[in-house]
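Below is a short briefing on one chain, arranged by topic for a reader who has the coordinates at hand.

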Amino acid sequence: MDMAAGILAGDMRALARGLTLVEERLPGARELCVKLAPHTGRALRVGVTGAPGAGKSTLIDALIRAARARGERVAVLAVDPSSPRTGGALLGDRVRMTSHANDDGVFVRSMASRGALGALAPNAGEALDLFDAAGFTLLFVESVGAGQADVDIAAESDITLVLSAPGGGDSIQAMKSGILEIADLWVVSKGDNPQAAALKHELLAMLALGGADQLEERVCVVAALANQGVEELLAKMLAAGAAARADGAFAARRRQRVRRRILAAAAELCAEKLPTDTPLLTELEARIRAGDLSVVGAARALLSGGNV
Ligand SMILES: Nc1nc2c(ncn2[C@@H]2O[C@H](COP(=O)(O)OP(=O)(O)O)[C@@H](O)[C@H]2O)c(=O)[nH]1
Ligand SMILES: [Mg+2]
């Protein structure tokens, strides 16, 4: 059986091999994605972001349990910053989620983020497509909240959860601007911590200032370790997913996602084509230094083969 057929039939080994192809951009990856594309679009994709230690993996683990009880098949993509220093965090995720190791309705995979700390792996979206084609109905992608990663994670997800934990340095003010805006649901994690209620109020106040609507429903306090608020959060996520499916928001987001991928791939192809050492580049560089041309002007000239 070929790999695409194997994945569609729910063969987990074919899925694992397919994920490696996509992650490493090995030969056959593109063809595989083309074959699977018509079989994607059924699963609900949930992005989970927040600072390291905010409780993302613990929450996902609890959500998996609740979702399995409802008959969902769940796959998790844990995007790990590739720095060797954070190897321990990855190991922590693996250990935590092994509680589902004997359940074939749960599949957990980690992926190195490459690029900047926390940036979503370029092929994370394609990995989610593979999960989707393999018949998983609820997909989580966990990523460390840091600038671009949040934008990426929101773009590849149907629903985005932004976690913040009480105590420590993870105060709302410390969160990067922009991260709060991408959230569909805001989660105060570690609800068993006495400071959780204060964090919720701080969050509500800040979001109200920013003009966010339906705040009371969209801010959730969850104590994942004690399994409190998990079922409620899952119910909200599934309801939001169903509503988005019904009103067309889902389909619109999916179209946007494919367009975004085309543009990213096009930008990459353009970058590959650019010369890095030509007489034209030397000339443009000299003209910038002489005050005759701007950097953007030079870039335009480079793209158009020398016409300034
Ligand atoms: N008290 C408490 N601690 C929690 C809770 N959820 C997670 N933690 C702890 O917070 C730490 C970081 O959790 P983890 O899920 O790895 O965070 P991540 O880096 O965001 O994935 C771990 O030591 C967890 O045991 C919770 O609900 N209550
Ligand atoms: Mg984690």
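The model discussed here is predicted, and its chain comes to 13 helices and 7 strands.

**Overall fold**
- Of the 308 residues in the chain, 37% count as buried.
- When contacts between residues at least 6 apart in sequence are considered, 73% of them join residues at least 24 apart.

**Nonpolar core**
- The largest nonpolar core has 69 residues, and the members that touch the most other members are Leu-130, Phe-131, Leu-139 and Val-187.
- Leaving aside residues up to four places away in sequence, Phe-131 is in contact with Ala-43, Ala-75, Phe-107, Phe-136 and Leu-139.

**Positive phi at two non-glycine residues**
- Gln-214 lies in the loop between α8 and α9 (215-218), and its phi is positive, near 50 degrees, although the residue is not a glycine.
- Gln-214 is exposed because 7 other C-beta atoms lie within 10 Å of its own, a count that falls under the limit of 12 or fewer.
- Lys-190, which sits in the loop between β6 (185-188) and α8 (196-209), likewise has a positive phi, of about 55 degrees, without being a glycine.
- Lys-190 has 26 C-beta neighbours inside 10 Å and therefore counts as buried, the threshold for that class being 20 or more.

Terms used
Residues are numbered from 1 along each chain as its sequence is written. Chains are lettered from A and ligands numbered from 1 in the order in which they are written. This is a predicted model: local features need pLDDT of at least 70, side-chain atom pairs count only at pLDDT 80 or more; totals for chains, interfaces and linings use all residues. Helices (H or I, at least four residues) and strands (E, at least two) are DSSP runs, numbered from the N terminus. A nonpolar core is a set of buried Ala, Val, Leu, Ile, Met, Phe, Trp, Tyr and Cys residues joined through C-beta atoms within 7 Å. Two residues are in contact if their C-beta atoms, placed from the backbone, lie within 7 Å.
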